[in-house]
Amino acid sequence: MLFDPERHEILTETTWNRDTVQQEILSIIDDIESSILPDNSWPTHPLDAQSYASAGPKWAAYAGAAGTIHALQILKRLNYPTIDLSSLLESVHEAFLASPDVTVEPGLQLGEIGILMPRILAEPDNKKVADNLLTCMRNTIDLPLYEITSGQSGMMHAALALYRRTGDSCWREIFVKGAHALMDSWQENEETGEWLWQSQVFGPKRHYYGACHGITGNANILLQGADLLPQNWTEIIIERTILTLKTSAKREGDLTNWILCSSPNIDKLLVQWCHGAAGVVTAMANTPKTSSSNMALLEQLLQQTGDLVWQAGPLIKGANICHGNAGNGYAFLYLYNRTGDNIWLERARKFAMHCIEQCQKDRLAYGQGRYTLWTGDAGLAIFLHHCLSPEQAAIPGLDLF
């Protein structure tokens, strides 16, 4: 099979209800605001503690205070009644440097960029913060990572967002440097013809396919900033990526998925944003519609991959973005915005109702919420909003800052 049934569960029969969704968003906001600790962090959820050596406070964007504060910034901008906690980001940054979530690094999800980014959004005229952020961005350029959590492509999402917002050339220049670093490190496998990056994000060198660590995530940010790059790169990026996806795809009937990585092979077939079908969809659904001879193939792959996410059903792991049902729901929202087909919006909204029940059940089971952007309730609240306003759909902390 193209997915592991033991990782999935039966979809709720609860029908879409706007009032229920709006109420859950407000409930999540209230829980976040009432659960902040005196040290400006939030209680670490037991499921997040499993991923870290220590169950102590977390600070970075992925599963820490910076991501939660950033989520509240976004929700406030979307006109939800939230407390602006941006003033806490300076102390969050200091706490991160003193006791980092993993290690002191410059990256977007696990490092300083993800803490400084929401701060510069709140303090756009703070030159010290801007200079610090720019230094962290420069420090990603030569890392052998080539992915979102800690590497160049994550940095590039932040840099592009700042350039689009401010027009400041320094953000454009660092985005372009990141793009050149990616293009210079993109290698063709002479045996298979695949074009892949060799990432060392988890130590060993691997060639990933997914949105978080692999080719689709990198292609996505290169194409989002294509207007800042050499004109001929767009077709090169599209052709290389579609060729690689076609060559590496695992198919059953009209369904498609990809293994975790190759060289060495880890042949898990996951259906998540970080690895597998859902993230491939969210990354590639942003691809501009060009006259490329492979564009029809891409549309077919997106349809088949989106159908796989639906056929697999909701993930047992949780309602979050990174490896949960909000992330998979975003795949449907991105397809809705690309195709205009209401079936994708209906599927996203069915997943939204499942997410609400799953979040409420987990809150009772663990005696607390999950106060994070990527792995918990803060990101879920933004996904729920996007199910109400699907034309705005964009993954927070990546496509939305």
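A pocket is an open set of points, on a 1 Å grid over the protein atoms alone, with protein on both sides within 12 Å along at least five of seven lines, and its lining residues have an atom within 4 Å of a point. The model is predicted, so local features need pLDDT of at least 70 and side-chain atom pairs pLDDT 80 or more, while totals for chains, interfaces and linings use all residues. Residues are numbered from 1 along each chain as its sequence is written, and side-chain values use heavy atoms, with hydrogens and water left out.

**View 1. The second largest pocket is lined by 13 residues.** Ile-120, Pro-124, Ala-130, Thr-166 and Trp-171 lie nearest its centre. The volume is about 220 Å³, taken as the space filled by probe spheres set on grid points joined across faces, edges and corners. At least two lining residues come from each of α5 (113-122), α6 (127-138), α7 (152-166) and α8 (169-185); helices are DSSP runs of H or I with at least four residues, and strands are runs of E with at least two, numbered from the N terminus. The largest share, four residues, is from α6. The lining has eight nonpolar, one polar and four charged residues, where Ala, Val, Leu, Ile, Met, Phe, Trp, Tyr, Cys and Pro count as nonpolar, Asp, Glu, Lys and Arg as charged, and the others, Gly among them, as polar.

**View 2. The largest pocket has a volume of about 900 Å³.** Among its 33 lining residues, Ser-51, Tyr-62, Phe-202, His-213 and Cys-322 lie nearest the centre. The lining divides into 16 nonpolar, eleven polar and six charged residues.

**View 3. Asn-320 sits in the loop between α12 (295-312) and α13 (325-339).** Asn-320 has a relative accessible area of 1% and is buried (under 20%; exposed is over 50%, partly exposed in between; 1.4 Å probe, protein chains only). A polar atom of the Asn-320 side chain lies 3.3 Å from the backbone nitrogen of Cys-322.

**View 4. Strands β3, β4 and β7 form an open antiparallel sheet in the order β3-β4-β7.** Strands pair if DSSP finds at least two bridges between them. β3 (198-199) and β7 (261-262) are the edge strands, each pairing on one side only. Two bridges join β3 to β4 (residues 206-208), and Gln-198 has His-207 as its bridge partner in β4.

**View 5. The largest nonpolar core holds 137 residues.** Such a core is a set of buried Ala, Val, Leu, Ile, Met, Phe, Trp, Tyr and Cys residues joined through side-chain atoms within 4.5 Å. Met-137, Trp-273 and Phe-383 touch the most other members. Helix α14 (residues 342-366) gives the most to this core, with nine residues.

Terms used:
1 Å grid on protein atoms, 1.4 Å probe; cavity = no way out; pocket = protein on both sides within 12 Å on 5 of 7 lines; lining within 4 Å. Polar contact = N/O pair within 3.5 Å; in protein donor to acceptor, adjacent residues only side chain to side chain.
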